[in-house]
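Visitor: Can you walk me through this model? Keep it short, please.

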Amino acid sequence: MLRYKLVVVGGGSGGCSVAAKFTRKLGKGQVAVIEPAEKHYYQPMWTMVGGGMKTVEQSARPMKDVLPAQADWIRERAVAFDPKSNKVTTSSGDEVTYEYLVVAMGIQINWDAIKGLKEALDTPGVCSNYSPKYAPKTFEELKAFREGNAIFTFPNTPIKCPGAPQKILYIADQYLRKTGKRDKATLIYNTSLPVLFGVKKYAESLWKVVEDRGIVVNNRRCLTEVRPDTREAVFVDLDRPEQQFIDKYELLHVTPNMSAPDVLKACPALTDAAGYVDVDKHTLQHNRHPNVFAIGDCSSVPTSKTAAAVAAECGVLGKNLWSVMSGGQCTASYDGYTSCPLVTGYSKCILAEFKFDGVPLETFPIDQGKERWAPFVMKKELMPFLYWQLMLKGYWNGPKVIRKALHLGLSD
Ligand SMILES: Cc1cc2nc3c(=O)[nH]c(=O)nc-3n(C[C@H](O)[C@H](O)[C@H](O)COP(=O)(O)OP(=O)(O)OC[C@H]3O[C@@H](n4cnc5c(N)ncnc54)[C@H](O)[C@@H]3O)c2cc1C
């Protein structure tokens, strides 16, 4: 049986950042990261990969290079949690015990949930930026596009980066204009949501973008089946499920259904009813097991699931977990900060930043609801640097300090 002061499950954005912070504090042999993947991906770059602006290789690093050298890397999957005995079982059957646990397993993609999708992804016309395998195919499909419907979907489940399904829509629009094919294309955004975006301020800006560009938006329309043989996508109206729509596609960009990881759903002692780790939304401490914390997409925190949220959570979790380890209380409080750089093409972006309840919380003292060039450059060039060089090393806790300085201390 392996024993550690701190076990981190998942070596993605959150797990890696937390492990780096605590390895520095606790030293060698005290922190273990359970993570089966050999590669770590900077997933926000997949939007740019789909648009042909970056390669998928640029979004990847070997896991061994991003996990802290002084942490023990257990190259396996966690297959069971036993929070009463402070124990995690790995895929080889080993038991790893901990004094403190941070769950950072991300959200699970359920490629099987839409009939025919898994097979369709390997056929012409169908792509998804939600996988390193298929994000490069998005750009191949854009290049191959001749005429017809280009359809973009948003599923009827929580997802990571809820802006990403429409970023690729706007990039596709711009690409088709650049290459003289736009007038032969009908661009359709079929979203399960009743709104275009969850925050009113940015939704208003985005409605203007879709209207100016002649994009068709169908709200509450959910993809249920892909028929690659006939290049048809089947949708239902979520408010009138008997109402079915069968659309021909030349290009179909699918955002797949997602859920809490199955292994978490199998451990109700750790989770809420939907299977996400049941933590206090401000302290990130588990509601029933004080030695357990969660970060990122697998947590029950009701904010938009993004790497930007993970960064801000990491600062709070770092302080609170360290305080609890030292015999104190959780005093740091997460405000729900999250951000979504809504790329609207090859040079512009609306930088959405908000906190709990969709209240805007913007870093720059300008109207971030407008399409601008500077945030696009930030998204494309600065953020990857921040991610690899600062965030994964546990040094980037979000832009709060910058925001305060730019607002002369008057912002939250
Ligand atoms: C196309 C796309 C665009 C995006 N755009 C943006 C953006 O512009 N801005 C932004 O901020 N965010 C964006 N995101 C979201 C962002 O990437 C995620 O929210 C962020 O990576 C979440 O971090 P995490 O640590 O919770 O999960 P992840 O980074 O996904 O890491 C989870 C880790 O857990 C591991 N794991 C899973 N199961 C197990 C198990 N059983 N045992 C052990 N380990 C396990 C996985 O291998 C993985 O390494 C985007 C995501 C995608 C896909």
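Predicted model: local features only at pLDDT ≥ 70, side-chain atom pairs only at ≥ 80, totals over all residues.

Visitor: Which domains is the protein divided into?
Guide: Domain 1 (2-107 + 260-331) and domain 2 (109-258). The bounds come from an automatic or database domain assignment. Their centres, taken over C-alpha atoms, are separated by 31 Å.

Visitor: How many residues does the contact take from each domain?
Guide: Domain 1 puts in 15 residues and domain 2 puts in 17 residues. Contact here is C-beta atoms, placed from the backbone, within 7 Å. On the side of domain 1, α2 gives the most, with four residues. That side has six nonpolar, seven polar and two charged residues. Ala, Val, Leu, Ile, Met, Phe, Trp, Tyr, Cys and Pro count as nonpolar, Asp, Glu, Lys and Arg as charged, and the others, Gly among them, as polar.

Visitor: Switching to the ligand. Which residues come nearest?
Guide: Gly10, Gly12, Gly14, Gly106 and Gly296, out of 38 residues around the ligand. A residue is near if its C-beta atom, placed from the backbone, lies within 6 Å. By class, the shell has 20 nonpolar, 13 polar and five charged residues.

Visitor: Which elements each supply at least two residues of that shell?
Guide: α1 (13-26), α2 (46-50), α9 (307-325) and β20 (338-343). Helices (H or I, at least four residues) and strands (E, at least two) are DSSP runs, numbered from the N terminus. Domain 1 and domain 2 each give the shell at least three residues.

Visitor: Now α10. How far apart are its end C-alpha atoms?
Guide: Only 21 Å, for 18 residues (374-391). A straight helix would reach 26 Å at 1.5 Å a residue. That expected span is 1.5 Å times one less than the number of residues.

Visitor: Where does the kink lie?
Guide: At leucine 382, shortly before proline 384, and it is about 45°. The bend is the angle between axes fitted to the seven residues ending there and the seven starting there.

Visitor: What do the buried residues of α10 pack against?
Guide: α1, α2, α9, β20 and β21 (349-355). Those buried residues include Phe376, Met383 and Tyr387. Buried means 20 or more other C-beta atoms within 10 Å of the residue's own, exposed means 12 or fewer, and partly exposed is in between, with C-beta atoms placed from the backbone.

Visitor: And α5, how many of its residues are buried?
Guide: Seven of ten, so α5 (135-144) is mostly covered. Among the buried ones are Pro136, Phe139 and Leu142. Their cover includes α2, β10 (126-127), α6 (164-178) and β17 (251-253).

Visitor: Is leucine 408 buried or exposed?
Guide: Exposed, because 8 other C-beta atoms lie within 10 Å. Arginine 231 is buried, because 20 do.

Visitor: Last one. What does alanine 78 touch?
Guide: Val9, Ile34, Val88, Thr90 and Val263, not counting residues up to four places away in sequence. Alanine 78 is in strand β6 (78-82). It counts as buried because 23 other C-beta atoms lie within 10 Å.

Notes
Residues numbered from 1 in each chain as written. Contact = placed C-beta atoms within 7 Å.
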